[in-house]
Amino acid sequence: MPVLEVRNLKKSFDSTEVIHDISFSMEEGETVTIIGSSGSGKTTLLRCLNFLERPDGGMIKVKDDVLFDNDVIKSLSVESVRKKRLHFGLVFQSFNLFPQYTALENVMLAPRLMQKENGGAEGEIKERAEELLRQMGLEDRMGNYPHELSGGQQQRVAIARALALNPDILCFDEPTSALDPELTGEVLRVIKDLSTRHMTMIIVTHEMDFAHDVSDKVIFMDGGVIVEEGTPQEVIDAPKNERTIQFLSNYSKRNG
Ligand SMILES: Nc1ncnc2c1ncn2[C@@H]1O[C@H](COP(=O)(O)OP(=O)(O)OP(=O)(O)O)[C@@H](O)[C@H]1O
Ligand SMILES: [Mg+2]
């Protein structure tokens, strides 16, 4: 059974449709990367999955849970959107940490809010947050504030924070594009490590070598549609569609 199933997803801004009829699915433990030129709809797709945008059509299902079905659900309550969002963790390009909280507090924040509602031990939340930060290689940075951390360290805190509520699927939107090249590697390494541990992930990235290395499946988007999808060997090494070939050749020219 797929962990995520997206069918005929559509999204317009004003009268312009920017996501046209997108369908794909992924299995538990898979890493799917989405590549494509600027404006092709990658961020909008992730935002729809995370209920930061309301799709105008289609269906989103995680495991047995239909999160969104435009034919059935006409309006979503704030409470139900909040619950649906818990299936996903999201890591943005700009780390978006809370500046007034330490690394550890940033990771503990969401679990603490949940705990207020559901009960749960503060000690356990702290232990889990510390474990996640250790996993990100930040054992000696837990008490630091975001401004005391490098961009790569901040992004690793953001990844730990996204994992803190145990999402089914972790989504990344260009997680390294705001980083200097020397800090990119350390962030890609922790994402690769999560992939090896079979975390289910969707990664929008312009890092083609990384996409090739880490992906079970690569999706190439252009103009709001999926143009081509398959293994990295199929899509990156031997693209079939003219638009994919064009995108990859522009890309390799730019990057030498
Ligand atoms: N809130 C919005 N209002 C109006 N138009 C929007 C909005 N958000 C995105 N768009 C438009 O939707 C299209 C897809 O944008 P999106 O940000 O999803 O592309 P992208 O593939 O993530 O691009 P990039 O690689 O530059 O991040 C673009 O034409 C964009 O201008
Ligand atoms: Mg984007």
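Predicted model: local features only at pLDDT ≥ 70, side-chain atom pairs only at ≥ 80, totals over all residues.

Student: Which residues are around ligand 1?

Tutor: They are F13, V18, S37, S38, G39, S40, G41, K42, T43, T44, E174 and H206. To be listed, a residue needs a heavy atom within 4 Å of the ligand.

Student: What makes up that shell around ligand 1, by residue class?

Tutor: It divides into 2 nonpolar, 8 polar and 2 charged residues. Ala, Val, Leu, Ile, Met, Phe, Trp, Tyr, Cys and Pro count as nonpolar, Asp, Glu, Lys and Arg as charged, and the others, Gly among them, as polar. Helix α1 (residues 42–49) gives the largest share, 3 residues. Helices (H or I, at least four residues) and strands (E, at least two) are DSSP runs, numbered from the N terminus.

Student: How far is a polar side-chain atom of S38 from an oxygen atom of ligand 1?

Tutor: 2.6 Å. A polar contact is a pair of N or O atoms within 3.5 Å; within protein, one must be able to donate a hydrogen and the other to accept it, and residues adjacent in sequence count only if both atoms are side-chain atoms. T43 has a side-chain N or O atom 2.8 Å from a ligand 1 oxygen, and for a polar side-chain atom of E174 the distance is 3.4 Å. The protein covers 57% of the 640 Å² of accessible area that ligand 1 has on its own, by the Shrake-Rupley method with a 1.4 Å probe; for residues, only the protein chains shown count as cover.

Student: Why is T33 called buried?

Tutor: Its relative accessible area is 0%, and buried means under 20%, exposed over 50%, partly exposed in between (1.4 Å probe, protein chains only). So T33 is buried. T33 sits in strand β3 (residues 31–35). Beyond its neighbours within four places in sequence, T33 is in contact (heavy atoms within 4.5 Å) with residues including I203, T205 and A211.

Student: And why is E122 partly exposed?

Tutor: E122 comes out at 34%, so it falls in the partly exposed range. E122 belongs to helix α4 (residues 122–135) and touches M108, R112 and Q115, not counting residues up to four places away in sequence. With R112 there is a side-chain polar contact at 2.6 Å.

Student: What makes R47 and E53 a salt bridge?

Tutor: The term asks for a side-chain nitrogen of Lys or Arg within 4 Å of a carboxyl oxygen of Asp or Glu. R47 and E53 meet at 3.1 Å, N to O, so the pair qualifies. R47 is partly exposed at 29%, whereas E53 is buried at 18%. Salt bridges also link K11, R47 and E53 in a network.

Student: How many salt bridges does the whole structure have?

Tutor: The search finds 13. Among them, E5 pairs with R7 at 2.9 Å, and R197 with D193 at 3.1 Å. R197 is exposed at 53%, while D193 is partly exposed at 29%.

How values were computed: Residues numbered from 1 in each chain as written. Chains lettered and ligands numbered in written order. Heavy atoms only, no water.
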